[in-house]
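This report describes the arrangement of the chain and the surroundings of its ligand. Please consult the sequence and the model shown here alongside the text.

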Amino acid sequence: MADILDLRQFRPGQLDALLRAEAEEWQRELLWDYESSLELIRQYIGARILPGYVLSDGTPQRPRPLGYGFFVYETHKGLIGDLYVGPRYRGAERAEERLILEHMIETLTATPGLHRIEAQLMAFRPEELAPVFSRHGFRAYRRLFLHLDLAGAAPAAGPSPWPIQPWAGTPFEHAATLIQASYAQHVDSLINDQYRTFGGSLRFLQNVVHYPGCGQFDEASSAVIADPHGEGLAALILVSRVRPDVGHVTQVCVSQRWRGRGIGRQLFEHVRANLRRRGFAAITLTVTAANALALELYRGLGFSQMREFDAYVWERAG
Ligand SMILES: CC(C)(COP(=O)(O)OP(=O)(O)OC[C@H]1O[C@@H](n2cnc3c(N)ncnc32)[C@H](O)[C@@H]1OP(=O)(O)O)[C@@H](O)C(=O)NCCC(=O)NCCS
């Protein structure tokens, strides 16, 4: 019978086989080189500061990890960062993952002062974890993982009528102001509460640009358009390399007053041309299914759906 143990009892080496199997799966299923994220996870595990659980059999002296999950605290919020069970130990009903998830949710909901939990576990299909999340009162938001192949003939895209500038040198404050304003009354700010404030948008940017959690930031293709009427930005697009030949769009937004004039499309054409020139094979991104305008833009550009997953949010009553 397997036990649930505290992740902080483990050394990174004990989880190595599991982490390598996870990286292989991300590579195969999501075109994602998970190694840089795993390096960060290994460091935190090594420092024994990553809260989470390990499903393990074997003996107390020689535990054999079958799966693990971790979460992080961000002031008042808990983020479920990862959940993984090795393919050989995984049942069709996903009982092993659900058990680890139960423990993480119970710990987080019992944490004083914590009033929100967010989870976006892209590697899981919606039905695989839904029963656990719904039992604990989480709200689910359907998200789509989209893919655009860069091989084949380049579509004819004329020069942009908008002055697209490289990201380098953009003040983070301008980008954060644009992000916060772009997501006012937007479904994505229900999923990620960072978008609701300037400080949260700034933290989002710092994570994307400086930390490899969502791939390695790709400065060469990320771009902005200055607001012709002000000193801030009208639009931005941020890209990370999630594999040496795959660019993942981590953010795209256009200021409300400049929408519907082809700016979003032009930013994508810019990224597509830049990545194609540099030999990339594909662009990926995730989008909330309810974000109809964005979906229309992506479908028009030729993106196709690779898979779907759910984002989950829990808020403490009262
Ligand atoms: C999604 C977003 C970036 C689109 O930017 P945009 O500059 O308004 O988009 P475009 O003007 O280039 O429109 C491109 C396509 O999207 C669709 N579209 C965009 N705005 C539309 C509107 N107001 N009505 C109908 N269709 C629209 C159309 O299919 C359009 O195709 P077309 O050029 O052939 O008509 C913008 O709405 C935005 O910033 N939204 C908030 C942030 C967000 O949701 N980001 C995406 C997260 S995944």
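## Domains and their interface

Buried area is the accessible area, taken with a 1.4 Å probe, that two parts lose on being put together, summed over both. The structure is a predicted model, in which local features need pLDDT of at least 70 and side-chain atom pairs count only at pLDDT 80 or more, whereas totals for chains, interfaces and linings use all residues. Residues are numbered from 1 along each chain as its sequence is written, and side-chain values use heavy atoms, with hydrogens and water left out.

The chain is divided into domain 1 (3-137) and domain 2 (148-308), with bounds that come from an automatic or database domain assignment. Their C-alpha centres lie 29 Å apart. Contact (heavy atoms within 4.5 Å) links 20 residues of domain 1 with 22 residues of domain 2. Between them the two domains bury about 1,700 Å², of which 49% is on carbon and sulfur atoms. On the side of domain 1, Leu31, Trp32 and Arg116 lose the most area to domain 2, together accounting for 32% of what that side buries.

## The shell around the ligand

The ligand is surrounded by 22 residues, each having a heavy atom within 4 Å of the ligand. The closest are His186, Val254, Gly262, Gly264 and Asn291. By class, the shell comprises ten nonpolar, seven polar and five charged residues; Ala, Val, Leu, Ile, Met, Phe, Trp, Tyr, Cys and Pro count as nonpolar, Asp, Glu, Lys and Arg as charged, and the others, Gly among them, as polar.

Strand S11 (246-254), helix H8 (263-277), strand S12 (282-288) and helix H9 (292-301) each supply at least two shell residues. H9 provides the largest share, five residues. Helices (H or I, at least four residues) and strands (E, at least two) are DSSP runs numbered from the N terminus.

## Polar contacts and burial of the ligand

Polar contacts are pairs of N or O atoms within 3.5 Å. A side-chain N or O atom of His186 is 2.8 Å from a ligand oxygen, and one of Arg259 is 3.5 Å from a ligand oxygen. Gly262 places a backbone N or O atom 2.7 Å from an oxygen atom of the ligand. Taken alone, the ligand exposes 920 Å², and the protein buries 74% of that, with accessible areas from the Shrake-Rupley method and a 1.4 Å probe.

Definitions and conventions:
Polar contact = N/O pair within 3.5 Å; in protein donor to acceptor, adjacent residues only side chain to side chain.
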